[in-house]
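Q: Hi! I'm new to this one, could you walk me through it?

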Amino acid sequence: MTLSCSIIYGRFLRMKHLKRIYLVSIVLAALTVLSLQVAAQQNTVKHHRYKLVEIGTFGGPNSVYNVFSRIATNDGRVVGAANTADPDLFAPFVPYCFDQETCFVQHAWKWSRGVLTDLGALSEGYSSYTNAINSRGLIVGQSQKAGIDPLTGGPVLYLATVWDHGKIRNLGTFGGANSIAIAATDQNFVMGAAENGIVDTSDLSGFDGVSQIRAFGWNGGEIFDLGTLGGTDAFPGDMNNRGEVVGASTTTPFPDVNGIVPIHPFLWREGKMQDLGTLGGNFAGPGAINNREQIVGSSTLQGDQTTHPFLWQHRRMIDLGTLGGSYGIGEWLNDVGDVIGYSGTTGDQQLHGFIWRRGVMTDLGTVGSDNSSNAFGINVRGQVAGQSWFWNGHDVTASHAFLWENGGPMVDLNELVSPGSNLNLTEADFITDEGLIVARGFTPTGDTHTAILIPEGEACEFTPFAVSRAYKATMPPSVQRRLTGEM
């Protein structure tokens, strides 16, 4: 099998959601052969059952949410977006539609205590989308505004938007057409990305594929530029509650003799941007940062022919290795430092989710006879949520949202949901420290709906179930206090 490394605007363009945020991650473009995992694991772990709350729509087909961002709070508030019954003004010309999957108008929503609220859009536009919510209820995302992008001649796609308890605000751009807001701290410091309107041809160019793009910060006034690592572009990916931002940046404005412009991960803190380096290759990107300044991501090795997950901590980048294959991707981590992602198995015959904990990478396996999996979310208890599927070499013929906890094995979340829902859960993407899970699934008519899974008997309160003393001892004191109910 031939493997090639490429920069893919992938973390927010995964699956059907083809217009999500363009966070750079390093992925291998080819995994062409997958084989059937024959041995099914016996489920011996006791799991909670879940009450499923299905989030409908505003009259259109789908309700969705962002992936790899903090879309739910520990007190049970969740944000996403849903279609209305109105066609997009540019339908059926898909590239100009705000929701490129359906070409229906889409509105941001918030769910809290059983109530679904339509957050609306900027008065100058009609569609909107959420990316994250903080503990104070500040919501960030993007809206569409009527206007023309002078660099492309097409419509403006996105404008960074903040929803603050009923008030909606456009954060603007650096002079270009497009921007998005990605994350917010509990102190309401917001970060995002904005175009500056300067023509750019690098692999990290903006939402319109033409303009330079820069990471921005915002704390109530005008957005400000976080800088670059020496190149023309920088794109943020995640931020912790201390306001430390990670992202990817070009390191030079000029390609080398081979036409390569290196892209490195950065850490921005206290007004300065630091180059985190790579594992030897020219390309690396971050996945997430926790509140202990640990950073997970992926990097090419020397020669740029393969990719490994990394953990950056104590001012150095650690190669986490793989499950025996030639490549792997680091997706997310919790505040304990547990890392999740996916990797090729021995011989690159399968693609499996993993958890890396204290120097050991564990294969999460798959659900039943599925042959592939990926881990998307992990909480401080070490509960992992993700997707398991069967790939027949041409198509995905089965897909299951999964939960992995207490050493496994992986369990199909559809089996843990109390009767009453017709939704077929196909992937789970976010899990709070309290155990609330945000997932997506298909309705009987084939539409995609968001599902909020609440552990039965908990009503979203935090209870320290299934955390061993040995595991808890590895956690920072502040996390240990939360697990024992101390403040």
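Predicted model: local features only at pLDDT ≥ 70, side-chain atom pairs only at ≥ 80, totals over all residues.

Q: Thanks! How many aromatic pairs does the structure hold?

A: It holds ten aromatic pairs. Rings of Phe, Tyr and Trp (its six-membered ring) pair if their centres lie within 6.5 Å; planes under 30 degrees apart count as stacked, over 60 as edge-to-face and the rest as tilted. One of the pairs is Phe68 with Phe376, which is edge-to-face, at 5.8 Å centre to centre and 85° between the planes.

Q: Where do Phe68 and Phe376 lie?

A: Phe68 is in the loop between strand E4 (59-64) and E5, and Phe376 is in strand E28 (residues 372-378), so the pair ties together parts that are 308 residues apart in sequence. Strands (E, at least two residues) and helices (H or I, at least four) are DSSP runs, numbered from the N terminus.

Q: Are Phe68 and Phe376 buried or exposed?

A: Phe68 counts as buried because its relative accessibility is 4%. Phe376 is buried too, at 2%. Buried means under 20% relative accessible area, exposed over 50%, and partly exposed in between (1.4 Å probe, protein chains only).

Q: And what about the pair of Tyr158 and Phe207?

A: Tyr158 and Phe207 are edge-to-face, with 5.9 Å centre to centre and 80° between the planes. This pair links distant parts of the chain, 49 residues apart: Tyr158 is in the loop between strand E9 (139-143) and strand E10 (159-164), and Phe207 is in the loop between strand E13 (190-199) and strand E14 (211-218). Tyr158 counts as buried at 2% relative accessibility, and Phe207 does at 5%.

Q: Which residues do ring pairs link into a cluster?

A: Phe98, Tyr158, Phe207 and Phe235 are linked that way.

Q: Switching topic: which residues does the disulfide join?

A: The structure holds one disulfide, and it joins Cys97 to Cys103, with 2.1 Å from S to S. The term stands for a pair of cysteine sulfur atoms within 2.5 Å. The torsion about the S-S bond is about 100°, so this disulfide is right-handed.

Q: Are Cys97 and Cys103 buried or exposed?

A: Cys97 is buried, with a relative accessible area of 1%, and Cys103 counts as buried at 8%.

Q: OK, on to charges. How many salt bridges does the structure hold?

A: There are eight salt bridges, each a side-chain nitrogen of Lys or Arg within 4 Å of a carboxyl oxygen of Asp or Glu. Among them is the one between Glu293 and Arg269, whose closest N and O atoms are 2.4 Å apart. Glu293 is in the loop between strand E20 (280-289) and strand E21 (295-301), whereas Arg269 is in strand E18 (residues 263-269), 24 residues apart. Glu293 counts as buried at 16% relative accessibility, and Arg269 as partly exposed at 25%.

Q: What about Glu427 and Arg440?

A: They form a salt bridge as well, with 3.6 Å between the closest N and O atoms. Glu427 is in strand E32 (residues 424-431) and Arg440 is in strand E33 (residues 437-442), 13 residues apart. Glu427 is buried at 2% relative accessible area, and Arg440 counts as buried at 4%. Salt bridges that share partners join Glu427, Asp429 and Arg440 into one network.

Q: Which ring does the charged end of Arg440 sit over?

A: That would be the ring of Tyr65, with the charged end 4.2 Å from its centre. For this, NZ of Lys or CZ of Arg must be within 6 Å of the ring centre and within 35 degrees of the ring normal.

Q: Last one, the surface: which residues form a nonpolar patch there?

A: Leu89, Phe90 and Phe93 do, with about 310 Å² of accessible area together. Patches are made of residues with over 30% relative accessible area and no salt bridge: like charges are joined within 9 Å, nonpolar side chains (Val, Leu, Ile, Met, Phe, Trp, Tyr) within 5 Å. Accessible areas come from the Shrake-Rupley method with a 1.4 Å probe; for residues, only the protein chains shown count as cover. Phe93 is in the loop between strand E5 (78-87) and strand E6 (104-112), and counts as partly exposed at 45% relative accessibility.

Key. Residues numbered from 1 in each chain as written. Heavy atoms only, no water.
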